[in-house]
Amino acid sequence: MSNSQANIGVIGMAVMGSNLARNLASREGNTVAIYNRSAEKTRAVAAEFPDAGFVATETIEDFAASLQKPRTAIIMVQAGRATDAVINQLVEAFEPGDIIVDGGNALFTDTIRREKAVRETGINFVGAGISGGEEGALLGPSIMPGGSAEAWETLGPILTSIAAVVDGRACVTHVGTDGAGHFVKMIHNGIEYADMQLIAEAYDLIRRGTGKSPAEIAEIFAEWNKGELESYLIEITAEVLRQTDAATGKPLVDVIVDQAGAKGTGAWTVQTALDLGIPVSGIAEAVFARSLSSKPAQRAAASALPGPDGDFAVADVDAFVEDVRLALYASKIIAYSQGFDAIVAGAEEYNWDIKKGDIAAIWRGGCIIRAQFLNRITDAYAENPGLVALVTAPYFTDAVAGAQSAWRRVVIAAAQAGIPSPAFSSSLAYYDGLRADRLPAALVQGQRDFFGAHTYKRVDREGTFHTLWSGDRSEIQAVDAH
Ligand SMILES: NC(=O)c1ccc[n+]([C@@H]2O[C@H](COP(=O)([O-])OP(=O)(O)OC[C@H]3O[C@@H](n4cnc5c(N)ncnc54)[C@H](OP(=O)(O)O)[C@@H]3O)[C@@H](O)[C@H]2O)c1
């Protein structure tokens with residue numbers, strides 16, 4: 001293979017890579033080289049899609065030789081060691097000025113490390129978050145690239161050509177340097193966890209409170225999808241609830257084991273937010289709810305514990321369904337507000353110039369959390385780029401104000417009936433915590449000062465103070481020991 005015919009290459013011919021390669025090949029002017037560790041997969045993809053005109057290669061050297069310079073390759077392999085292995089091979093085969101893109105779900109700190117190491121060879125390295133699953137990869141994903149501005153110059157037009165398009169705008173933007181793209185993709189996934197959990201709680205409450213069947217609840221979600229909750233996740237929820245199991249004739253949702261899996265990006269979001277000191281409680285509760293569901297031994301042991309059994313009948317079905325809709329909308333606003341807080345904190349910590357409004361805009365299409373209401377987030381940051389909390393933007397403040405009585409009724413109903421609603425209730429607690437004039441954090445500071453001399457500030461005077469708890473309990477000036 002000596003003639004360099006391809007202008008872009010894709011490594012990894014599993015679901016994501018093969019679909020992304022087909023997407024690239026379908027765009028005017030592209031010739032796509034493909035490579036996979038096991039060559040039979042490369043051959044199979046090339047044979048299955050002859051119209052794509054793939055340049056199928058069987059060694060990394062052939063792959064590199066098939067690419068025009070500067071070479072551009074997108075890696076779509078398993079995150080972690082597999083990605084490192086492929087990067088090492090490419091660094092050997094590529095030359096300074098070439099571009100390596102990792103489109104997998106890498107942890108952003110790995111991307112920071114890889115970018116630094118690869119940059120030293122003169123090769124550009126770009127970590128790009130790609131969302132939208134199989135269909136997005138094929139038809140147009142939402143793409144969140146990091147890396148250098150120089151790499152973006154070459155890569156930008158290519159990624160723009162394959163991204164989803166909403167209102168004439170491609171769902172891709174240069175998020176920031178090194179790991180910024182994967183960081184934002186991680187937060188996207190965290191928000192996705194929260195959104196899914198909130199929808200699941202809404203379904204559960206409606207089903208138990210009204211006795212409606214999954215198919216009937218599907219119609220409610222389909223109706224909600226015409227309004228401010230309009231989103232891909234609401235749409236597919238209706239599809240899932242409508243599905244009947246062919247083997248038993250029961251609703252499919254009733255024959256699926258109620259233990260939710262996870263690939264880890266939700267946990268990364270929470271771990272990162274903990275390190276940054278940002279409360280992403282809605283996302284955290286969603287991650288924990290999946291963990292709790294997947295503990296069959298503990299659930300079996302606890303199943304006889306006392307408490308209401310979750311059965312309750314609401315007096316006014318329509319009013320309750322509307323309450324749940326409003327609770328879902330308010331909680332969703334909180335989840336996004338928390339996610340954007342984490343983006344702001346990450347940008348500060350890692351020196352990224354992330355445009356929040358642009359992030360909301362590129363999530364409007366292609367990705368799993370695509371939703372009508374992302375426009376409102378873009379508007380909010382356009383009006384006030386320094387917005388300190390999304391929920392304080394006028395549109396969202398009004399939305400929560402209109403929803404909050406319903407939200408409280410739903411959380412009360414869930415608690416009284418013994419129905420777990422961790423994301424609904426923690427979002428409400430966060431909202432009340434954020435807007436409180438005084439928090440019991442003052443008492444916590446007093447306790448910390450008592451047992452650990454951690455000191456405290458006073459509301460009425462500058463300075464740092466400590467009470468001599470084991471002495472005469474007088475107050476002294478102290479050095480801040482927070
Ligand atoms: N699936 C989704 O919906 C989705 C959505 C967004 C992002 N992603 C991310 O996209 C990436 C690809 O996902 P996927 O589901 O298509 O594939 P995957 O199952 O995560 O990975 C399979 C691919 O990795 C290759 N691979 C594994 N170990 C390797 C190694 N040591 N050296 C070289 N290649 C190795 C495999 O090659 P062999 O065929 O030789 O084993 C195969 O091409 C992942 O990072 C994933 O997290 C996935």
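Colleague: Which residues does the UniProt domain annotation cover?
Modeller: The unreviewed entry gives "domain: 6-phosphogluconate dehydrogenase C-terminal" for residues 181-470; such annotations may be inferred rather than shown by experiment. This is a predicted model, where local features need pLDDT of at least 70, side-chain atom pairs need 80 or more, and totals for chains, interfaces and linings use all residues. Residues are numbered from 1 along each chain as its sequence is written, and side-chain values use heavy atoms, without hydrogens and water.

Colleague: How much helix and strand over residues 181-470?
Modeller: 65% helix and 1% strand, taken as DSSP runs (H or I, at least four residues; E, at least two).

Colleague: Switching topic: how many aromatic pairs?
Modeller: The structure holds 16, counting Phe, Tyr and Trp (six-membered ring) with centres within 6.5 Å; planes under 30 degrees apart are stacked, over 60 edge-to-face, the rest tilted. One of them is tyrosine 35 with phenylalanine 63, tilted, at 6.2 Å and 45°.

Colleague: Where do tyrosine 35 and phenylalanine 63 sit in the chain?
Modeller: Tyrosine 35 is in strand S2 and phenylalanine 63 in helix H3, 28 residues apart. Both are buried (under 20% relative accessible area, 1.4 Å probe, protein chains only).

Colleague: And how are tyrosine 329 and phenylalanine 373 arranged?
Modeller: Edge-to-face, with 6.0 Å between centres and 65° between planes. Tyrosine 329 is in helix H15, whereas phenylalanine 373 is in the loop between helix H16 and helix H17. Both residues are buried.

Colleague: Which residues does the ring cluster link?
Modeller: Tyr329, Tyr336, Phe373, Tyr395 and Phe396.

Key. Buried < 20%, exposed > 50% of the residue type's maximum accessible area, 1.4 Å probe, protein only.
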